[in-house]
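Please study the sequence and the structure before reading each solution.

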Amino acid sequence: MMKWICLFAMFADVLANAAPIVFQSSTRQTALLELYTSEGCSSCPPAEAWLSKLKTASGLWSEFVPVAFHVDYWNNLGWRDKLSSEQFSDRQRSYARAWSAENIYTPEFVLNGKEWHNWFGFHGAPSGPPTRAGALRVNSTDGRHWQAHFVPAEHGMADYEVTAAVLVSELGSDVTAGENSGRHLNHDFAALSLISRPLTNQTNGFQGAFVIDADPKGIAGRLALAVWVTRSGRLEPLQAAGGSLPQRAKMTLSSNQPTQK
């Protein structure tokens, strides 16, 4: 328990003393790449390994923003994924309803709101068409309280909202049951939290605010923030931005470590 308290205190102290953080897109659309995955699925490790290779891609954060959502519907088949969330499963189901798809599955990639099958053997940075989407800027002075500013490429009567996910990379997990029993799995860009807030129309664009958790799911690791803008009530991203947060502690998940539900 003391180890966890020290890690949480270290994270809070680092964020409190950090310099202002700014993540900003260009006016060209930055792609949002989503992976729906689970530690309980034996087909998922190759997809996560492919996603991990994007850590060294030149277009990371500027051309694409990756997020791995661990779903919870595998949890009753022998292994509970500590990164999983019903919220992430619901998001995948919402996509399926929008596409009139009969089933959801893992691993599943979604690129800019559309199902994407071309990841296997794909080299380079995933991206969509060169669309002018507008500029997204998010900034924080303490690493927890964030301001979002979006100037759309086309002005109209649309309402917008901002969605943010805290991500963890360089996280290891020892799986002792289920389809991946006996395997050590590595995770990158795994979502720890997901929050959406409305943007209000101001004279110089749309603005809003959100707050991220200092210790999401009680997991420490190499943290980052992914942020994207959608039209209100929609899933398809219009613009995305993100980057690393000022924390570098590593952690391995195991069956005897405490977790936060």
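**Exercise 1: Strand S14**

Strand S14 (residues 222–231) has eight of its 10 residues buried, so the strand is largely enclosed by the rest of the structure. Buried means under 20% relative accessible area (1.4 Å probe, protein chains only); strands are DSSP runs of E with at least two residues, numbered from the N terminus. The model is predicted: local features need pLDDT of at least 70, side-chain atom pairs count only at pLDDT 80 or more, and totals for chains, interfaces and linings use all residues. Residues are numbered from 1 along each chain as its sequence is written, and side-chain values use heavy atoms, without hydrogens and water.

**Exercise 2: Partners of S14**

Task: state which bridge partner Ala-165 has in S14, and which Trp-228 has in S15.

Solution. Step 1: strand S8 (residues 160–169) pairs with S14 in the antiparallel sense over 10 bridges, where pairing requires that DSSP finds at least two bridges between two strands. Ala-165 has Ala-226 as its bridge partner in S14.
Step 1: S14 also pairs with strand S15 (residues 239–244), in the antiparallel sense over six bridges.

**Exercise 3: The chain as a whole**

Task: determine what percentage of the chain's residues is buried, and what percentage of the contacts between residues at least 6 apart in sequence joins residues at least 24 apart.

Solution. Step 1: of 261 residues, 52% count as buried.
Step 1: contact means heavy atoms within 4.5 Å. Of the contacts between residues at least 6 apart in sequence, 73% join residues at least 24 apart.

Note on methods
Buried means under 20% relative accessible area, exposed over 50%, partly exposed in between (1.4 Å probe, protein chains only). Helices (H or I, at least four residues) and strands (E, at least two) are DSSP runs, numbered from the N terminus.
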